[in-house]
Structures are given as structure tokens and as C-alpha cells.
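I opened this model to look up its charged pairs, its sulfur links and its strand pairing. My notes follow in the order in which I checked things.

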Amino acid sequence: MRIDYSLLTRRTFLNTLLGGWFIAFFSGVIYALIKFAFPTLGKEPDFVVLNANDFLDIPPNSVKPFAWGGKVGLFFKKADGATTALKGLCTHMECNITYKQEDRKFYCACHEGWYDENGKNIKGPPPKPLEFFNIRTEGKSIIVFRKGTKVELSKG
Ligand code: FES
């Protein structure tokens with residue numbers, strides 16, 4: 001049956017359909033290949049090992065960033081000298097946070113979210129506190145790990 005005033009010819013319709021199918025098929029193949037080649041891509045680790053010399057000497061009331069998988073972690077030395085580590089992402093929409101030394105608070109510039117130095121969300125849209133990690137010093141290494149994770153480093 002022929003539609004007299006159609007904007008689309010049958011050939012154009014079928015070519016578009018076929019083209020869409022090819023794009024969907026090859027997108028799936030490329031995605032599968034990337035996931036196969038980089039299985040940990042986008043995943044966060046359970047722990048990371050840092051060089052203690054690079055982090056333990058930072059001044060009190062300051063942070064130093066480190067790589068938490070593909071995201072940012074912050075090594076934090078509080079004003080009293082106690083050290084801890086946290087994920088440097090806002091709990092609202094995962095923007096990077098910064099530490100405001102003069103206020104002793106963490107700040108997210110995306111939507112003006114604030115957290116106190118213990119990571120509690122105190123102002124703005126963040127719905128929950130920051131994620132703090134556990135840390136452990138072993139020799140010249142600092143092991144930063146998720147709470148509840150058991151970390152066994154191989155000796156040698
Ligand atoms: S992403 Fe941080 S306040 Fe919105």
C-alpha cells in the first residue's frame with residue numbers, strides 16, 4: 001500500500017531502521033570489549049596503599065588528596081594532629097569537595113553544601129554525611145580502607 005503524502009519513503013525508513021540497528025549492535029560490542037579490557041573501570045577499591053612519607057608530614061588542619069580508584073580521596077590531619085581519610089565527593093551529586101581551613105569545614109561549591117570536620121552534613125542540599133575510611137600504618141605505608149573491609153597485604 002502506498003501513502004501518497006508521506007514525508008518518508010519506504011527506502012529511507014528501512015535504511016534508518018538498519019542504521020539504528022547497526023549503531024546499537026556496535027555500541028554493545030564496543031562496550032563489552034572495554035569492560036573486558038578494563039574490568040575495574042569506574043569501580044571503587046576496597047583499599048589503597050599510600051606512601052606514609054608523603055602524607056604524615058602535612059600540617060595540622062589540612063588535607064592532601066590521593067587517588068581512590070578513579071575518584072578523589074582526602075587524607076585529613078585534624079587541628080589536634082589526629083589523622084583520617086575520607087572520600088572527597090559530595091553526597092549530593094558527587095562533586096569534589098574542598099577543605100576550608102579557616103572554617104574547619106568541608107565545602108562543596110556545586111550547590112553550596114557544607115560539612116563539619118567530622119563529615120556531618122550541616123548546610124545545603126547534601127543528604128548524608130561524608131564517607132570516612134579507616135586507616136592503618138604498616139611500616140612506610142598507610143593503608144586506607146573502607147569500614148568493614150578486612151585488608152591482608154601479602155608479605156614480601
Ligand atoms: S553536589 Fe555538592 S551540594 Fe550538590
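**Salt bridges**

I counted a salt bridge when a side-chain nitrogen of Lys or Arg lies within 4 Å of a carboxyl oxygen of Asp or Glu. With that cut-off, Glu44, Lys71, Lys87, Glu94, Glu131 and Arg146 are linked in a network of salt bridges. I noted the background: side chains of opposite charge can pair when their charged atoms come close.

Before going on, I wrote down the ground rules. The model is predicted, so I note that local features need pLDDT of at least 70 and side-chain atom pairs count only at pLDDT 80 or more, while totals for chains, interfaces and linings use all residues. Residues are numbered from 1 along each chain as its sequence is written, and side-chain values use heavy atoms, with hydrogens and water left out.

How many salt bridges does a search of the whole structure find? I got eight.

I took Glu94 next. Its salt bridge is with Lys71, and the closest N and O atoms are 3.8 Å apart. This pair links distant parts of the chain: Glu94 is in the loop between E4 and strand E5 (98-100), Lys71 is in strand E3, and 23 residues separate them. For these labels I used DSSP runs numbered from the N terminus: helices are H or I of at least four residues, strands are E of at least two.

I then checked accessibility. Buried means under 20% relative accessible area, exposed over 50%, and partly exposed in between, with a 1.4 Å probe and protein chains only. Glu94 is partly exposed at 45%. Lys71 is partly exposed at 27%.

I moved to Arg146. It forms a salt bridge with Glu131, with the closest N and O atoms 2.6 Å apart. Arg146 lies in the segment after strand E10 (141-145) and Glu131 in the loop between E8 and E9, so the pair ties together parts 15 residues apart in sequence. Glu131 is partly exposed, at 27%.

**Glu117**

Which residue forms a salt bridge with Glu117? I found Arg104, with the closest N and O atoms 3.5 Å apart. Glu117 sits in the loop between strand E7 (113-116) and strand E8 (121-123), and Arg104 in the loop between E5 and strand E6 (105-108), 13 residues apart.

Is Glu117 buried or exposed? It is buried, with a relative accessible area of 19%. Arg104 is partly exposed at 38%.

I also listed the neighbours of Glu117, taking contact as heavy atoms within 4.5 Å. Leaving out residues up to four places away in sequence, Glu117 touches Phe76, Lys78, Tyr99, Arg104, Phe106 and Phe132.

**Cysteines**

I searched the whole structure for disulfides, meaning pairs of cysteine sulfur atoms within 2.5 Å. I found one. It joins Cys95 to Cys110, with S to S at 1.9 Å. The torsion about the S-S bond is about -95°, so the disulfide is left-handed. Cys95 is in the loop between E4 and E5, Cys110 is in the loop between E6 and E7, and they are 15 residues apart.

I compared accessibilities. Cys95 is buried at 18%, whereas Cys110 is partly exposed at 41%. I looked up two further cysteines: Cys90 is buried at 4%, and Cys108 is buried at 2%.

**Strand E4**

I looked at strand E4 (residues 83-87) and found four of its five residues buried. For pairing, I required at least two DSSP bridges between two strands. Strand E3 (residues 71-77) runs antiparallel to E4, and five bridges join them. In this pairing, Phe76 has Thr84 as its bridge partner. E3 and E4 form a hairpin with five residues between them, and Gly81 in the turn has a positive phi of about 95°.

E4 also pairs with strand E9 (residues 132-138), antiparallel, over two bridges. There, Leu86 has Phe132 as its bridge partner.

**Whole chain**

I counted two helices and 10 strands. From the N terminus the order is α-β-α-β-β-β-β-β-β-β-β-β. The C-alpha trace spans about 80 × 45 × 25 Å along its principal axes. Of the 156 residues, 28% count as buried.
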